[in-house]
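I opened the model to look up its strands, its helix packing and its nonpolar cores. My notes are kept in the order in which I checked things.

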Amino acid sequence: MSQSQQADNKKPEAEEDFERKKKKEEKARLKEEKKQKAAEKAEKKTKQESKSSKKSAKKNANAKREAYEDFVDPETPLGEKKRLSTQMAKQYSPSAVEKSWYAWWEESGFFQAEAEAEAGSSKPKPPFVIVLPPPNVTGALHIGHALTSAIQDTIVRWRRMCGYNVLWVPGMDHAGIATQVVVEKKLMRERSLTRHDIGREEFVNEVWKWKNKYGGTILRQQRRMGASLDWSRECFTMDDKRSKAVTEAFCRLYEQGLIYRDVRLVNWDCVLRTAISDIEVDYRDIKERTLLQVPGYKEPVEFGVLTSFAYPLDLEGELELGEIVVATTRVETMLGDTAIAIHPDDTRYSHLHGKFAIHPFNGRKLPIICDAILVDPSFGTGAVKITPAHDPNDFEVGRRHNLEFINIFTDDGKINSYGGAEFSGMKRFEARKAVIEALQKKKLYRGAQNNHEMRLGLCSRSDDVVEPLIKPQWYVNCSSMAKQALDAAAIDDQNKKLEFIPKQYIAEWKRWLENIRDWCISRQLWWGHCIPAWYVTLESDEMKELGAYNDHWIVARDQEQALAEAKKKYCGKRFEMSQDPDVLDTWFSSGLFPLSVLGWPDDHADDLKAFYPTSVLETGHDILFFWVARMVMLGITLGGDVPFRKVYLHPMVRDAHGRKMSKCLGNVIDPLEVINGISLEGLHKRLEEGNLDPNEIATAKAGQKKDFPNGIAECGADALRFALVSYTAQSDRISLDIQRVVGYRHWCNKLWNAVRFAISKLPNDYTPPPTINPGTMPFSCRWILAVLNKAISKTVSSLNAYELSDAATSVYSWWQYQFCDVFIEAIKPYFAADTNPAFSSERKCAEDALWVCLENGLRLLHPFMPFVTEELWQRLPGLKSHTKKESIMICEYPSPIESWSNQRVETEMDLVESTVRSFRSLRAQHLTKQKNDHRLPAFAFCQNKQVAEIIKSCELEILTLARLSSLKVLLISGVDVVAPAGCAFENVNENLKVYLKVQGNLNAEAQLEKIRNKLDEIQKQQEKLNKIVNASGYQLKVPSHIQEDNANKLAKLLQDFDFLKKEEERMESEADHRQH
């Protein structure tokens, strides 16, 4: 073939290749375009899906938010009835539950009492009146006040629900010395000033500012505790009405000759410069030489040392050699000695009768007197130095022997001019050292004993060492009033006017009043009720000092009346008149409280006519004399009757370690800190904002860290109240453990969930029956109503007896152990989704029983836990068809219903519960936690037909409560019935044994050991009892009923022994079978 031909042939081939290549490229392009479109489509789809997903997420979020809002209470305007969420929250929250109710109760007037009979009421409500012990206006309430509030509100709410016209009067005490001390500390800390620097008027204004600030705190805390006080009658011991009552009381008692002015020894605080009451003195026992820090001294002061020194004798008017040695723990007071006492029968000093000693520093002649009352000749030297102006015992000696009374101290505790120029101006405890040195120089010092025991009085307000000091003061003559107070409580139980609960305090009441001393009622303070007495200084008087002449005092209701009396008394004479600068003891105004809060001295006051005397006084036993006795004395004298019919004295609150609550220890607990919860840092911050000095703050913080390392958990008011009331069974003191309060807060959660579950089983349109007939109901329903009835009866009787702890326990036990643990579980089969239609009647009965239990149980619990019970009661379905009452707190308190009682059903349920406990015990012993949920077959071996019938009739309850798959009831009736293999057993009682088929989980060896231990125990009991029965003279000496009891015990032991021996044989057989 030629070249040209070959070229022609190749040309078409090249064209074909090109076409193929072109087609291939086109195909690739189309594929790429398709791929691109697919990617774009996918991207578009992804965007759409994303958009859709966002819409879905948004929709789901909205749904979740809507669901969340269903469980949250809407905001309630202050004072309106609480607006509840559509769904009950799944967990109890104290802060959520306790919100809004109190403001609505108060706004609705539920707390207010009516002084006059209600309009249109043919039968007025009987009155029930309590006066709240007025807390001091010295700051915030502490847990002791919370105890008072919890107890009183429980009583008050119960009485209100029982149909009484209840008046619970709130008030605050001005607390003279306590408040003055707090404000003085505040002044010094913030402005480095004393009250004397700013003057009386400005200082009193500062105290009023303090009152207005902290008074509000106290009232808020009472409200937060749920205290249903009648706030329309709120008062303060220094408001106008109470001040008028105090003035009137002083004047009337003075006019009756019961108030007088005298110069006597008082407890003197040299820091506060005032007399203080006995209750404000804390005593410390000193066993040996002890150094203590005393306010105003840089160096510690020595106590517990008995110093001996000699007085030179003056015989027959001529100074002769000789001495008489005396001893004292307060050697500085020798500067005021005016005599030396000996026993008249002490032969050592018989030659000194009627003789004198010479004071070594001033030459004063000291008579040597005979006093058999004071002097113990066997103690020390048998000679006693007498300082009438500075020792209570010496004061009485001074009066008996008409001695000179020489005061050697200034008001601020320094030696005055009567103490001698050598020591004048020295602080008393610095003078102690100086006197010893001076005695040594004069060679009169005779040594010291370093282990002398003594009681040292310290002021509870200032920590200063109390100094007995002679001062002119106003006194109340208590003799006749004390006798009336004794008589009021001493008449027989039927007719006595005054009853004490617990009765043990009657003995203390008698001890105080039979040994009563006249009451010093004046205080050298600036904050308090001014004494309505004016001193008249005549122009002709030689001595111009205030009070120089005791007969120059005018007691009057105001200055105008005093001036008129003075002009009448000193007619034609020129004079000046000034009011006593002292104030009255705080206990004086507090003692008038039951009278003054009801309108006294206006005898026509509606409250006084309707509510005096009050019903109960509830307070701490520590102020039985200081407050209770004085109220009774003043009430009888000024009001014509005892101020209350009953006195309920509660225990004192201590911390978990039994220590007294003290700011310095850091164990003082603010009720709000328990209610709301607080961190450890928050507790520390509260200390730093208080009045403690830096050293005390450090100690207190350490105490808080030890007791509350994680702070205090939020508990709520209900849990705190319930815990405090439950504690009242503890004799005279409560050792408060906050963990117990936390435990009741957890119980509130259980209560909440139990009621929530119960309500979920009631139809939305449920209507409670007007009456309920237990006779037609299932066994568990009859039982729960019977035990509810018993709980009601026990609670009411306990409340009537003021056994509040027993009442709280009764309510708690019914809710916890009977309603929650048993009844709710027992009726679950009636409400199961696959419930047999045959259960429809039982289900309706269970619904009615549930509702009746909830409604009655909440009313029963309400006085103890007002907030959670109100909230749960308001959520009950069908409530409006049952009652017209707006609130649970004004509903009627439950009372026993005779038709609900059923002892036979209770006895049968006791057997059922014992049986269930035995099955549960077997499960716990033989099954692991993983397998413990499995239902297992069981057997009940009954000794008699009656027990068998009970177990058969209650088979459903036992299956449900014990989580069994089946229960076979076998009647033994004297025939040997062999237990199935692979069973563990438990002896319920002498008539019932139960077996649980645990199969491969049975540990035969462990069962055998258990059986043999029980057999050994029975044998020991048999031997002990046989020894008693076979003793010589048993038949003749031992009463027949005891012999019969012992015979029955032996028969039972023998029966149990035989049963266990058979079980031992069975287990041995099974163990052998397993081995082979």
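The entries below go from the whole chain to single elements.

**Entry 1: ground rules.** I am working with a predicted model, in which local features need pLDDT of at least 70, side-chain atom pairs count only at pLDDT 80 or more, and totals for chains, interfaces and linings use all residues. Residues are numbered from 1 along each chain as its sequence is written, and side-chain values use heavy atoms, with hydrogens and water left out.

**Entry 2: the chain.** I noted 34 helices and 33 strands in the chain. Helices (H or I, at least four residues) and strands (E, at least two) are DSSP runs, numbered from the N terminus. Of the 1076 residues, 50% are buried. Buried means under 20% relative accessible area, exposed over 50%, and partly exposed in between (1.4 Å probe, protein chains only). I then looked at contacts, meaning heavy atoms within 4.5 Å. Taking those between residues at least 6 apart in sequence, 75% join residues at least 24 apart.

**Entry 3: nonpolar cores.** A nonpolar core here is a set of buried Ala, Val, Leu, Ile, Met, Phe, Trp, Tyr and Cys residues joined through side-chain atoms within 4.5 Å. Which members of the largest core touch the most other members? In this core of 171 residues they are Ile-143, Leu-736, Trp-815, Phe-819, Phe-864, Ile-951 and Leu-967. Helix α24 (residues 804-826) gives the largest share of this core, 13 residues. Another core lies apart from it, with 68 residues, including Val-129, Ile-259, Ile-531 and Trp-587. I also listed the contacts of Leu-736, leaving aside neighbours within four places in sequence: they include Ile-143, Val-653, Ile-669, Leu-724, Tyr-727 and Val-741. Arg-654 and Asp-655 are among the contacts of Leu-736 too.

**Entry 4: α24 against α26.** I fitted axes as lines to C-alpha atoms, for helices over the stretch in contact, with angles from 0 to 180 degrees between N-to-C directions. Helix α24 packs with helix α26 (residues 840-861) at about 160 degrees, their axes 10 Å apart. That makes the two helices, α24 and α26, roughly antiparallel. For such labels, angles under 35 degrees count as roughly parallel, over 145 as roughly antiparallel, 65 to 115 as roughly perpendicular and the rest as oblique. On the α24 side, the contact includes Val-811, Trp-814, Trp-815, Phe-819 and Phe-823. On the α26 side, Ala-849, Leu-850, Cys-853 and Gly-857 are among the residues involved.

**Entry 5: α11 against α17.** Helix α11 (residues 479-490) and helix α17 (residues 624-639) have axes that come within 9 Å and cross at roughly 100 degrees. They are therefore roughly perpendicular to each other. Met-481, Ala-482, Gln-484, Ala-485 and Ala-488 of α11 make this contact with Val-632, Met-633, Ile-636 and Thr-637 of α17.

Entry 6: Two strands pair if DSSP finds at least two bridges between them. Why is strand β18 (residues 467-476) largely enclosed by the rest of the structure? I found 9 of its 10 residues buried, so β18 is largely enclosed. Strand β5 (residues 259-269) runs antiparallel to β18 and is joined to β18 by 10 bridges; Tyr-260 stands opposite Tyr-475. Strand β20 (residues 519-520) is also antiparallel to β18, with 2 bridges, and there Val-476 has Trp-519 as its bridge partner.

Strand β10 (residues 306-315) likewise has 9 of 10 residues buried, so β10 is largely enclosed by the rest of the structure. It is joined by 3 bridges to the antiparallel strand β16 (residues 445-449), where Phe-309 faces Tyr-445. A further 2 bridges join β10 to antiparallel β13 (residues 356-358), with Leu-313 partnered by Ala-357.

**Entry 7: a four-stranded sheet.** I traced an open sheet of 4 strands in the order β31-β30-β33-β32, with mixed pairing. The edges are β31 (964-971) and β32 (983-989), each with a single partner strand, so one side of each has no neighbour in the sheet. From one strand to the next the twist averages 20 degrees. Strand β30 (residues 936-942) runs parallel to β31 through 7 bridges, and Cys-942 has Leu-971 as its bridge partner. Helix α30 (residues 945-953) packs on the sheet, touching β30, β31 and β33 (992-997), and its direction makes about 160 degrees with that of β31.

**Entry 8: Glu-80.** Last, I checked a loop residue: Glu-80 lies between α1 (3-70) and α2 (94-97). Is Glu-80 buried or partly exposed? At 35% relative accessibility, it counts as partly exposed. Not counting residues up to four places away in sequence, Glu-80 touches Ser-100 and Trp-104.
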